[in-house]
Amino acid sequence: MELLKQRILEVGVVVSDQVLKLDAILNHQVDPVLIMEMGREFARLFRETRPDKVLTVESSGIPIAFATALHLEVPMIFARRKKTLTMDQDTYSERVPSFTKGIVTDIMVSSHLLHKGERVLLIDDFIANGDAARGLIRIIEKAEAELVGVGIAVEKLFQAGGKSIRERGIRVESLARISSLANGQIAFD
């Protein structure tokens, strides 16, 4: 997606050869025009899969997943990282490491929101090692729902996440594919 690539080049900060900071458009401040276009593109890419729901993990994936769900006219669910007082006791949960946070957290979805046989589209902002995506896939499997695809805003090709999901036969669509962050330069595939 050219608009996303352009914005990445304008505001992206290469922190290291492994980390790209996009907090000006995706995961601290949100560019609503860009987010809505990303949602429109994911809806276009996955409409034929007829998802019943869009699933993401809090918090950075929420705006993109919301925009996608809006364009698909289906509900959006986000996996929580912390159990709240009002959250159901019956949840699907998985323990996942976070590449950028450097911690392991539990992600959970209330079982009354995700049902057997539902067609689920997974959307997230970044994929690095793929731990969050694999955790969400395991939640979908526990619910006996059907994963129809994975949409990722920014895929870092030099890390194994996207490849590991594709190797399972799962369709992964990325709007921007970064091949390298070496020498402080953003290189797209």
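Helices (H or I, at least four residues) and strands (E, at least two) are DSSP runs, numbered from the N terminus.

I am working on a predicted model, where local features need pLDDT of at least 70, side-chain atom pairs count only at pLDDT 80 or more, and totals for chains, interfaces and linings use all residues. Residues are numbered from 1 along each chain as its sequence is written, and side-chain values use heavy atoms, with hydrogens and water left out.

**Entry: valine 104**

I looked up the neighbours of valine 104, taking contact as heavy atoms within 4.5 Å. Not counting residues up to four places away in sequence, valine 104 touches Arg95, Val96 and Pro97. I also checked valine 104 against leucine 34: they are 70 residues apart along the chain, and their C-alpha atoms are separated by 30 Å.

**Entry: helix α2**

I went on to the helix that holds residues 32-46, α2. Its end C-alpha atoms are 21 Å apart, which agrees with the 21 Å that its 15 residues should span at 1.5 Å a residue. The expected span here is 1.5 Å times one less than the number of residues.

For burial I used these cut-offs: buried is under 20% relative accessible area, exposed is over 50%, and partly exposed is in between (1.4 Å probe, protein chains only). The buried residues of α2 are Leu34, Ile35, Met38, Gly39, Phe42, Ala43, Leu45 and Phe46. Which elements cover them? The cover includes α1, α3 (62-72), β7 (119-127), β8 and β9 (172-180).

A side-chain oxygen of aspartate 31 reaches to within 3.2 Å of the backbone nitrogen of valine 33.

**Entry: α1 against α2**

Two packed helices are described by the angle between their axes and the distance between the axes. I noted an angle of about 145° between α1 (residues 2-11) and α2, with their axes 10 Å apart. Axes are lines fitted to C-alpha atoms, for helices over the stretch in contact, and angles run from 0 to 180 degrees between N-to-C directions. Leu3, Leu4 and Arg7 in α1 meet Leu34, Glu37 and Met38 in α2.

**Entry: annotated positions**

I then took the "binding site" positions from UniProt, an unreviewed entry: Leu20, Asn27 and Lys156. The positions follow the numbering used here, feature names are shortened, and annotations may be inferred rather than shown by experiment.

Asparagine 27 lies in the loop between β2 (20-21) and α2. It is partly exposed, because its relative accessible area is 31%. Leaving out residues up to four places away in sequence, asparagine 27 touches Leu22, Ser60, Asp125 and Phe126. Its side chain reaches the backbone nitrogen of aspartate 23 at 3.3 Å.

Is lysine 156 buried or exposed? Lysine 156 counts as buried, because its relative accessibility is 2%. It is found in strand β8, residues 146-156, and its side chain reaches the backbone oxygen of glutamine 18 at 2.7 Å.

The unreviewed UniProt entry also gives "binding site" at Ala128, Asn129, Gly130, Asp131 and Ala132. I found aspartate 131 in helix α4, partly exposed at 21% relative accessibility. With neighbours within four places left aside, aspartate 131 is in contact with Val96 and Pro97.

Helix α4 (residues 131-142) has 12 residues and reaches 16 Å from its first C-alpha to its last, close to the 16 Å expected at 1.5 Å a residue. Its buried residues are Ala132, Ala133, Gly135, Leu136, Ile137, Ile139 and Ile140.

Most residues other than glycine have a negative phi, and most peptide bonds are trans. Glutamate 144, which follows α4, has a positive phi near 60°. Glutamate 144 is in the loop between α4 and β8 and is partly exposed at 48%.

Arginine 50 has a positive phi of about 50°. I placed it in the loop between α2 and β3, where it is exposed, with a relative accessible area of 55%.

The peptide bond from glutamate 58 to serine 59 is cis, with omega near 5°. Serine 59 lies in the loop between β3 (53-57) and α3.

How values were computed
A polar contact is a pair of N or O atoms within 3.5 Å; within protein, one must be able to donate a hydrogen and the other to accept it, and residues adjacent in sequence count only if both atoms are side-chain atoms.
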